[in-house]
Amino acid sequence: MIQVHKFTFNPFQENTYILSDESKDCVIVDPGCFDKSEQNTLSKFIEDNGLNPVKLINTHCHIDHVLGNNFVNKKYNLPLGIHKLDLPTLSFMGQSASLYGFQGYELSPDPEYFFDEGDIIKFGNSELSVIFGPGHAPGHVAFYSKADNILINGDILFKGSYGRYDLPGGSFEVLKKTITEKLFLLPDETVVYCGHGPETTIGEEKKSNMILMG
Ligand SMILES: [Zn+2]
Ligand SMILES: [Zn+2]
């Protein structure tokens, strides 16, 4: 059974997730740890719990979600996996950093593999299926476990709200389609872990999410 551990890092208050199961293998999703103390928080949690990181993956490559990619890549010797269509987002990291005034950050390594809709990401005794969900970023994906009823959805859905669509490669129409024609088809009890803010469920968002008014 997958356990989800959440950390909130960097000035964007981005949620980084470690997914682990009884095998102690774990996957690190969207490491946003920026400074030494945030990096230590992440690595200390891994050590204290005897976890074995086996994968480094991004839901999408906005700067707040990739600030810790280099740290995780080097420390645990993990190649980065993303959706191919988010390569332009990743290559924008340096410009984004100067735009937002970040200093002393480490550029993300290049991805070494890509995943796409329907791919299965395995770790320990668990698996996640990849849902392609553009609109907020062109190569945005969500990671879904049917067995454990969880969705790691990055910046697609937020509790009551949804991700920005005005950034490069974004589109309101596409985002709305992703949410209403893909994510809302998942079971109501699916717990949605967001890239910012608290968790929610598909059932709750189907009733009241702001995207339904748009
Ligand atoms: Zn984003
Ligand atoms: Zn974000």
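Which residues coordinate the zinc ion (ligand 1)? The legends below begin with that site.

This is a predicted model, in which local features need pLDDT of at least 70, side-chain atom pairs count only at pLDDT 80 or more, and totals for chains, interfaces and linings use all residues. Residues are numbered from 1 along each chain as its sequence is written, chains are lettered from A and ligands numbered from 1 in the order in which they are written, and side-chain values use heavy atoms, with hydrogens and water left out.

**View 1. Site of the zinc ion (ligand 1)**. His60 (NE2), His62 (ND1), His136 (NE2) and Asp155 (OD) coordinate the zinc ion (ligand 1) at 2.1 to 2.4 Å. Donors are N, O and S atoms within 2.8 Å of the metal (3.2 Å for Na, K and Ca); water is not among the atoms, so sites may look incomplete. Along the chain, the donors of the zinc ion (ligand 1) have the spacing H-x1-H-x73-H-x18-D. The arrangement is irregular because the 4 donor atoms subtend angles of 87 to 174 degrees. Four donors count as tetrahedral if all angles lie between 85 and 135 degrees; four count as square planar and six as octahedral if opposite donors are over 155 degrees apart and all others between 65 and 115; anything else is irregular. His136 is in the loop between strand 8 (126–132) and strand 9 (141–145) and Asp155 in the loop between strand 10 and strand 11, so the pair ties together parts 19 residues apart in sequence. Helices (H or I, at least four residues) and strands (E, at least two) are DSSP runs, numbered from the N terminus.

**View 2. Site of the zinc ion (ligand 2)**. Its protein donors are Asp64 (OD), His65 (NE2), Asp155 (OD) and His196 (NE2), at 2.1 to 2.3 Å from the zinc ion (ligand 2). This site is also irregular, with angles of 88 to 159 degrees among the 4 donor atoms. Asp155 bridges the zinc ion (ligand 2) and the zinc ion (ligand 1), and the two ions lie 3.4 Å apart. His65, in helix 2 (residues 63–66), and Asp155, in the loop between strand 10 (150–152) and strand 11 (157–158), are 90 residues apart and link distant parts of the chain. Both His65 and Asp155 are buried (under 20% relative accessible area; exposed is over 50%, partly exposed in between; 1.4 Å probe, protein chains only).

**View 3. Surroundings of Asp30**. Asp30 lies in the loop between strand 3 (25–29) and helix 1 (36–48). Its relative accessibility is 3%, so Asp30 counts as buried. Not counting residues up to four places away in sequence, Asp30 touches residues including Thr59, His60 and His65; contact means heavy atoms within 4.5 Å. The side chains of Asp30 and Thr59 are joined by a polar contact of 2.6 Å. A polar contact is a pair of N or O atoms within 3.5 Å; within protein, one must be able to donate a hydrogen and the other to accept it, and residues adjacent in sequence count only if both atoms are side-chain atoms.

**View 4. Surroundings of Asn69**. Asn69 is located in helix 3 (residues 69–76). With 0% relative accessibility, Asn69 counts as buried. The side chains of Asn69 and Asn58 make a polar contact (2.9 Å). Leaving aside neighbours within four places in sequence, the residues in contact with Asn69 include Pro31, Leu56 and Pro109.
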